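Thank you all for making time this morning. Please have a look at the sequence and the model on the screen, and then I will walk you through them.

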Amino acid sequence: MAKIKPQALLLQSKKKKGPSGISVPTIMLYGLIVAVMVFFLFATYRHWSRRSMIQTQDDLSSTEGENTFIEHKRSDVNGPTYASITTSKGLITVELYKDGSPDIVDEFVDFCQKGHFKGMRFNRVVKHFVIHGSKVDKPEGTEDWTSRGKHYSRLDTSLKHEAFMLGTSKTNHEGGGFDLFITTAPIPDLNDKINVFGRVIKGQDIVQEIEEVDTDDHYRPKTPVQINEVTLKYSI
């Protein structure tokens with residue numbers, strides 16, 4: 001057999017075709033497939049992430065709604081805690097002593113809901129004593145009011161009950177309705193005279209302004225001062 005020279009072998013190896021390269025369309029196709037897969041995975045992640053967030057918000061809203069309902073229900077059971085008394089002189093806010101005087105507060109709330117206090121006048125204003133609102137003006141009680149006012153003005157202030165307390169007469173309210181007292185000075189035997197069921201927490205200046213109105217000899221205001229409306233509140 002004839003011997004092939006090395007130069008001939010080298011030439012033959014150069015003439016052999018190498019492996020065919022990957023074409024540009026194939027690369028583009030693979031790139032497109034990868035891009036579609038990445039987009040699909042991102043869209044899926046975003047969908048489930050947003051769904052999870054919405055579910056969490058719904059759970060929180062549901063919890064808040066339940067808490068609000070529970071608080072509102074609890075408030076309904078306990079009844080209103082405050083009352084805003086709108087007078088011709090301004091607004092007086094009172095805190096109701098539901099725990100200390102539950103029956104009186106319930107009665108007061110009932111009269112409020114019936115609109116009993118609308119138009120009620122302060123028909124007795126005794127300086128350094130009380131302002132008294134009632135829809136029944138009894139002339140026979142004038143002397144008693146006068147003597148009490150003079151009596152309390154001479155008492156030692158260090159021994160008196162605190163001022164700005166809210167109360168009502170210790171009498172049956174069926175006939176004349178529910179009357180209101182607001183003390184303008186400490187009263188020593190306040191609980192012997194009226195049922196205390198609250199206190200003024202805002203509008204003390206309005207109480208004092210009513211206290212300063214001009215009155216006749218029977219402690220009746222010369223210019224009418226009245227309650228326009230009473231609004232019950234669960235919070236302030």
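I will start with how to read the model, and then go through the strands, the nonpolar cores and a stretch annotated in UniProt.

This is a predicted model, in which local features need pLDDT of at least 70 and side-chain atom pairs count only at pLDDT 80 or more, whereas totals for chains, interfaces and linings use all residues. Residues are numbered from 1 along each chain as its sequence is written, and side-chain values use heavy atoms, with hydrogens and water left out.

Five of the five residues of β5 are buried, so the strand is largely enclosed by the rest of the structure; buried here means under 20% relative accessible area, with exposed over 50% and partly exposed in between, using a 1.4 Å probe and protein chains only.

What does β5 pair with? Two strands count as paired if DSSP finds at least two bridges between them. β5 pairs with β7, residues 194-202, in the antiparallel sense over five bridges, and M165 has R199 as its bridge partner in β7. Two bridges also join β5 to β6, residues 180-183, again antiparallel, with I182 as the partner of L166.

β7 is in turn joined to β2 by four antiparallel bridges, and there V94 stands opposite V200. β2, residues 91-96, is also joined by five bridges to β1, residues 82-87, running antiparallel, and these two strands form a hairpin with three residues between them, where G90 in the turn has a positive phi of about 150 degrees.

Turning to the interior, a nonpolar core is a set of buried Ala, Val, Leu, Ile, Met, Phe, Trp, Tyr and Cys residues joined through side-chain atoms within 4.5 Å. The largest one has 31 residues, of which I92, F108, F117 and F197 touch the most other members. Helix α3, residues 102-113, gives the most to this core, with six residues. Apart from it lies another core, of nine residues, including F181 and Y219.

Finally, UniProt lists residues 27-45 as "transmembrane region" in an unreviewed entry, and such annotations may be inferred rather than shown by experiment. In the model, that span is 100% helix and 0% strand, and its end C-alpha atoms lie 27 Å apart.
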